[in-house]
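Please view the sequence and the structure together before reading on.

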Number of protein chains: 2
Amino acid sequence: MKYSSPRFDRLDEEKKQRIIRAAIDEFANLGFEAANINKIARKAHISVGSLYKYFKSKKDLFLYVIQLSSDLIEEELRAVNEAPFMSVESKIEKVLRIILRTNRQQANLIRLYLELTSSSNNDMTKLLSFNLETFSSQCYRQILANGQATGEVRADIDPAMAAFHLDNIFLALQYSYVGGYLYERYRIYVKEGIDSIENDEFVIAETMKFLQGALLNAKD
Amino acid sequence: MKYSSPRFDRLDEEKKQRIIRAAIDEFANLGFEAANINKIARKAHISVGSLYKYFKSKKDLFLYVIQLSSDLIEEELRAVNEAPFMSVESKIEKVLRIILRTNRQQANLIRLYLELTSSSNNDMTKLLSFNLETFSSQCYRQILANGQATGEVRADIDPAMAAFHLDNIFLALQYSYVGGYLYERYRIYVKEGIDSIENDEFVIAETMKFLQGALLNAKD
DNA sequence: TATAAGTGAGTGAGTGCTCACTTTTTTCAA
DNA sequence: TTGAAAAAAGTGAGCACTCACTCACTTATA
């Protein structure tokens, strides 16, 4: 599906990036409904008129930036999945470390996903969930099913459901870094400052212990 | 904190419930921003003017219904936590079953929480997360710490962090039942229809296997 | 009669989007 | 090389609409 006009595609990279950044910033911080198209145009130093020449509606602009960012994440996951000679445990830890890094470097992007997650807009959700989740679900399920074949992963669990639980842990962790309600919730559950760099190894260690027990066979 | 006026408190129960139901319905399905106060008044068969005599702003009405619903959930959790002679495993399963039941009976309420979770409104989140999460975090941590004392729960995990992960699993599961993006996501990860009653025992069994491995010592 | 409760048209501050217009770039014959 | 005409890109005031909230008024109750 194409959400931008040819006119937008023809723009020079710098201008495109300015518009994309402005849009992500606005949508991530205010949510789809409260985001203001006029403000996005102002932030990007273009006129509203131009913005509407590039995207035919607020919704299309939203869908465009979501699609764009999902491509970035897919890239990283693919690399981990295709790494040869890597244990399931290492792969999981690798993904976890990617997640923590992304939380810092692309906080606005994660906020955008969080917003999307709770969106009740039905015609958008079907399309978007398919685009964003199909790859990662395949990826995790494959890692787990392969692990069952090698004996690393518990044989008694359903790989699809385990992949679902695994991603739930990842998702909740991601959302807890980007501020708002879930950031406060971590503070109440565990302690101040999930997002401080000193805390990273604690989060990784505890999460790995949790996931090891949940997914892997005890080492002999 | 008191969000309703004395005038609202004096209303007869039927009218209060009508207003509360209308508000939950609107907020749950549209989200805070898109929810329409005029429509809530119409749904509740009262005038906008009256509604503003009962609650001084849209935000106050929102906070009121959130506060109200958190009390209901606290009630149920307390019962499980205080049950004597119950294994940690049984307690976790009990909570899980409560969650699945609530997902069906109070879907709108869960939607309301989901909306709240992704809210970026900063002055609301601090207050609300404290009100809603303090009890459940204490509750889960207590169950796990007691379990460590009796040897049921793994000694090598941090009870606070484990409680956090446990609730993350519960939270993701809840949100996957109420429609929208995460409902579609379950379909992609696992299969059609997480919300069909026939699927309940599968979800419970798989989730319990996952949590047993993650949290409990192997039985001897 | 006095007090409390209830009403809903109206207000004004937005907001998504349009369109008549200006500016810039490209084209190409002289 | 030039410059006029055509095409493309860009603009922002304003339109049509939405919605939180108010207030002058009516109705019910003590």
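The points below treat the DNA contacts and then the protein interface.

The model is predicted, with local features requiring pLDDT of at least 70 and side-chain atom pairs counted only at pLDDT 80 or more, while totals for chains, interfaces and linings use all residues. Residues are numbered from 1 along each chain as its sequence is written, chains are lettered from A and ligands numbered from 1 in the order in which they are written, and side-chain values use heavy atoms, with hydrogens and water left out.

- Of the atoms of DNA strand C that come within 4 Å of the protein, 60% belong to sugar and phosphate.
- At least two residues of this surface come from each of helix H3 (37–43) and helix H4 (48–54) of chain A and helix H4 (48–54) of chain B, helices being DSSP runs (H or I, at least four residues) numbered from the N terminus.
- The largest contribution, 5 residues, is that of H4(B).
- By class, the surface near DNA strand C has 7 nonpolar, 7 polar and 5 charged residues; Asp, Glu, Lys and Arg count as charged, Ala, Val, Leu, Ile, Met, Phe, Trp, Tyr, Cys and Pro as nonpolar, and the others, Gly among them, as polar.

- Asn38(A) places a polar side-chain atom 3.3 Å from a base nitrogen of DNA strand C.
- Phosphate oxygens of DNA strand C lie 2.8 Å from a side-chain N or O atom of Lys15(B) and 3.1 Å from a polar side-chain atom of Ser50(B).

**Interface of chain A and chain B**

- Contact (heavy atoms within 4.5 Å) joins 60 residues of chain A to 60 residues of chain B.
- About 5200 Å² is buried between the two chains, with 65% given by carbon and sulfur atoms; buried area is the accessible area (1.4 Å probe) that two parts lose on being put together, summed over both.
- Tyr181(A), Tyr189(A) and Phe210(A) supply 18% of the area that chain A buries against chain B, more than any other three residues.
- The chains share 4 salt bridges, defined by a side-chain nitrogen of Lys or Arg within 4 Å of a carboxyl oxygen of Asp or Glu.
- Arg185(A) and Asp167(B) meet in a salt bridge through their side chains, at 2.9 Å from N to O.
- On the side of chain A that touches chain B, H9(A) gives the most, with 14 residues.
- That side of chain A divides into 31 nonpolar, 16 polar and 13 charged residues.

Key
A residue is near a molecule or strand if one of its heavy atoms lies within 4 Å of it. A polar contact is a pair of N or O atoms within 3.5 Å; within protein, one must be able to donate a hydrogen and the other to accept it, and residues adjacent in sequence count only if both atoms are side-chain atoms.
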